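Student: I have a structure open and would like to go through it with you. Can we start with one of the spans?

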Amino acid sequence: MKLDLDTILGAMLIFIPISIAAELLHLNGIIIFFTAALAIVPLAGFMGKATEELSKQVGAGIGGLLNATFGNATELIIAIFALQAGLFEVVKASLTGGIIGNMLLITGCSMFLGGLKREKQTFNSRVQGVNSTMLMIAAVGLVMPALVSHLFDFNTVEALSLGISGILIIAYVASLLFSLKTHKHLYDCGGEECKPHMSRNRAILLLLVTTAVIALESEILVGAVESVSLSLGLSELFIGVIIVAIIGNAAEHSTAILMAMKNNMDLSMGIAMGSSTQIALLIAPVLVFISWFWGNPMDLVFNQFEVVAIIASVVIANMISSDGESNWLEGAQLIALYAMMAVVFFLI
Amino acid sequence: MKLDLDTILGAMLIFIPISIAAELLHLNGIIIFFTAALAIVPLAGFMGKATEELSKQVGAGIGGLLNATFGNATELIIAIFALQAGLFEVVKASLTGGIIGNMLLITGCSMFLGGLKREKQTFNSRVQGVNSTMLMIAAVGLVMPALVSHLFDFNTVEALSLGISGILIIAYVASLLFSLKTHKHLYDCGGEECKPHMSRNRAILLLLVTTAVIALESEILVGAVESVSLSLGLSELFIGVIIVAIIGNAAEHSTAILMAMKNNMDLSMGIAMGSSTQIALLIAPVLVFISWFWGNPMDLVFNQFEVVAIIASVVIANMISSDGESNWLEGAQLIALYAMMAVVFFLI
Amino acid sequence: MKLDLDTILGAMLIFIPISIAAELLHLNGIIIFFTAALAIVPLAGFMGKATEELSKQVGAGIGGLLNATFGNATELIIAIFALQAGLFEVVKASLTGGIIGNMLLITGCSMFLGGLKREKQTFNSRVQGVNSTMLMIAAVGLVMPALVSHLFDFNTVEALSLGISGILIIAYVASLLFSLKTHKHLYDCGGEECKPHMSRNRAILLLLVTTAVIALESEILVGAVESVSLSLGLSELFIGVIIVAIIGNAAEHSTAILMAMKNNMDLSMGIAMGSSTQIALLIAPVLVFISWFWGNPMDLVFNQFEVVAIIASVVIANMISSDGESNWLEGAQLIALYAMMAVVFFLI
């Protein structure tokens, strides 16, 4: 089954030349956007694999750090190009979409498909508890600027966004110390999936090549957002929350679901929840600092549906995962919640 | 003790002819309203019993389905007549009242009275976990339209209400599959209360007769709401949340509390929490579809106190029930919460 | 280590004559404010110790009641003088600050410092569950008036505040019955810290003297609030939430943290969470009744940041404490949350 995924991803690489050709030939923006999106999916997948393989070969500490830093590199690259293009709403929407997509849709599909033929599946609730609490704290941090934005002038909201971003990054570093140093035995990986499958040099080469091509495709993708928004009548919010958020993680998401179907819920939940945590506590604050450094600061003022979506997702994902058990119905519940939110984001 | 309840309910049937007479004689609206309300209480009780008896005799699958569908039939009938009369605020308020009344007042009284002479009572926390999560998801779904209503025109809110209603019904059907098919052993009933006490034909007859009379009394009741609201100075919100919500469930509620006093917390919680779940995931969406089918669509825009009341009730009921244990203080806490909400709804 | 704390507190008594001299000499308001604040810290510490010692010698029932009533006496005294001066915003802010400070900063520091050299620390999750639920109910009660305040005229908000205050006090009394009577074995104290260290007469004398001097210093402190607010450009909100809330509890807080470092998490959590519960369910409602009795009623309308801060703190503290285990990272998470809120309150 794992072979299948690799074959599909390999075949999708054909979209790299197609999207570049579409861009050079100035084809319709919709064609450019979707071919670039389809090209990024396998690239993100191979980049994730390269990161993972490399991290297995450099010792747990540095390896964990690698994973923790490059785990959502595709999202970060797309977001940086969107920042540069001034598409702040798309960036913030893709952060929201990444957080709720991982927590609801991916965890939901994993629990649903993994639980279909099983009475229940179990996972390490303590590790998930750490993730849940981190997400809850990030959620509170991310909603504060929205709450106070109508009272403040712009400079204060900027200061608030920077202050909260700083605290979130410190909290993220603390969680790395926890998982990589003081409590690393909780995160021990003993299975077959922890052994290296690729030489170190090949992993480094793959990492460099995929990063470069992802950057190119991201620029193409971002350049076509506005045109897609106009032609298809989709809001930038919907494009960010539903589409951009899915592209960067599609391959990783497939892995999470496949792992759940093989009853390895710890790995599955680790990928999905870990990715949400990383977006909220690292990617979002880093983007704030980057934009501030560039002199065109993005604040952390999310709109109220994003705020409610993030809070509700964190609370419900925590309710479902706190007992360390899952079944297909819990998966279906998370998917239902995601569907309701998608309806709202589509209608707005 | 069970006999007592039946005797009281039997005696209350006298209010059927009284309320009909009051209606025909065009007596004061207050008299009509309260005699009709008192007539519905025993009718709802006997209808519930008929449903229960019938469901024991048709096998677990169909039986569960029967219970799941007719469990809140009284509320549904009252709501349908109120819909027809255009009393949308009363309908929505009675949904809110049904959800929080079951979760806070009935569960609270059960835990309080059941826990008075006991160190603690235990119940199946896994079953309650399924209910809690369902309620949380329903709560999020029910608050979405309120959140976005001030941004949208009416057609969009209607589309959103229909979309969310559809998802809630699917989620409810999924929970039926879970409890009646894939995980039915979690819901096994072994006690004396699971054996039939009535012949099948008698149960069917009782079900038909009570349904017919409840429909009649509901029409009388709804016809008098406006007049009661005017004469007593009570808002339609208060009448819906506190009064209408109680009438349809009074008998069932008594059973839940009596079961808790006999230390059968699983059954008690099953009745109260199950009823809340059913109102949120089945009755509310069905009413949206019925009203839409009639061409006079009711949306799901609850007012902000209803929203806060629903969310707070779900979160706190989940906190209290997640450990599978209860004591009198937890009951008192739920009652205190209900009291605070009743104060707000009374003052509005 | 305990000796150290007493020595420090003893040395701080020097601020009593200094603050009185500053007041009599009409020195700068900032000097008056901070010397009075520094004088209250040791006084509150010794008053707490006197209460504790006295309560050990009068039997569990009365002793618990004493602790429950005088546990936050310093805060109550300061608040009463602030009420008299009409500083309603400072009073409400100091209530908020007391609730979130205990739950986040003190519990956070306790878990962090206590967990630094340990894999994990454990505590009685059932006792904390009672506290958490109480706090959640109080949080809902305290936010209701804010929610409805823009719809009502003043008299209704006053009635609502009184009604909710009454219910909160009843809930508090119920929790005393639970901890002191029906379930007192859950709260049993067997350690060395439960034996008396002071004669009864000395404890009574100490209690009377500290109360008198605290009252004097509180009057001085409150008299200087306005001047501090003007000179330092700090809002009354910030002074209330961050500064006044810390003064009254500094000594008690030190004890909570020291106990956590000695691995007595039950006592540590009991002090911090118990103090939050008491402020929310006893001090806040009592202040409402006192102000109403004086004819200059304070309502319970907190501003929206206070509302969000209280709700978020309760939810997250509950997530972290519900498993009866803590580690340094959970402590760091609570501290991070407090830091984010302090940033907001500072910027407002």
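Student: How far apart are the end C-alpha atoms of residues 203–346 of chain A, and how much of the span is helix?
Tutor: This is a predicted model. In it, the end C-alpha atoms of residues 203–346 of chain A lie 39 Å apart. The span is 83% helix and 1% strand.

Student: What does UniProt list for residues 203–346 of chain A?
Tutor: An unreviewed UniProt entry lists them, along with residues 30–180 of chain A, under "domain: Sodium/calcium exchanger membrane region".

Student: Confidence next. What is the mean pLDDT of chain A?
Tutor: The mean is 85, and 94% of the residues of chain A reach 70 or more.

Student: Which elements of chain A have the lowest and the highest mean pLDDT?
Tutor: Helix H4 (residues 60–70) of chain A has the lowest, at 70. Helix H2 (residues 15–24) of chain A has the highest, at 94.

Student: And what ipTM does the predictor give the complex?
Tutor: The ipTM is 0.85, with a pTM of 0.86.

Student: How many residues of chain B are in contact with chain A?
Tutor: 25 residues of chain B are in contact with 21 residues of chain A.

Student: Which elements of chain B give two or more residues to that side?
Tutor: Helix H7 (125–148) and helix H8 (154–182) of chain B do. H7(B) gives the most, with 12 residues.

Student: How many residues on that side of chain B are nonpolar, polar or charged?
Tutor: The side of chain B that touches chain A has 16 nonpolar residues, 9 polar and no charged.

Conventions: Residues numbered from 1 in each chain as written. Chains lettered and ligands numbered in written order. Predicted model: local features only at pLDDT ≥ 70, side-chain atom pairs only at ≥ 80, totals over all residues. pLDDT = per-residue confidence, 0-100. Helix = DSSP H or I, 4+ residues; strand = E, 2+ residues; numbered from the N terminus. UniProt positions renumbered as here; feature names shortened; annotations may be inferred. Contact = placed C-beta atoms within 7 Å. Nonpolar A, V, L, I, M, F, W, Y, C, P; charged D, E, K, R; others polar.
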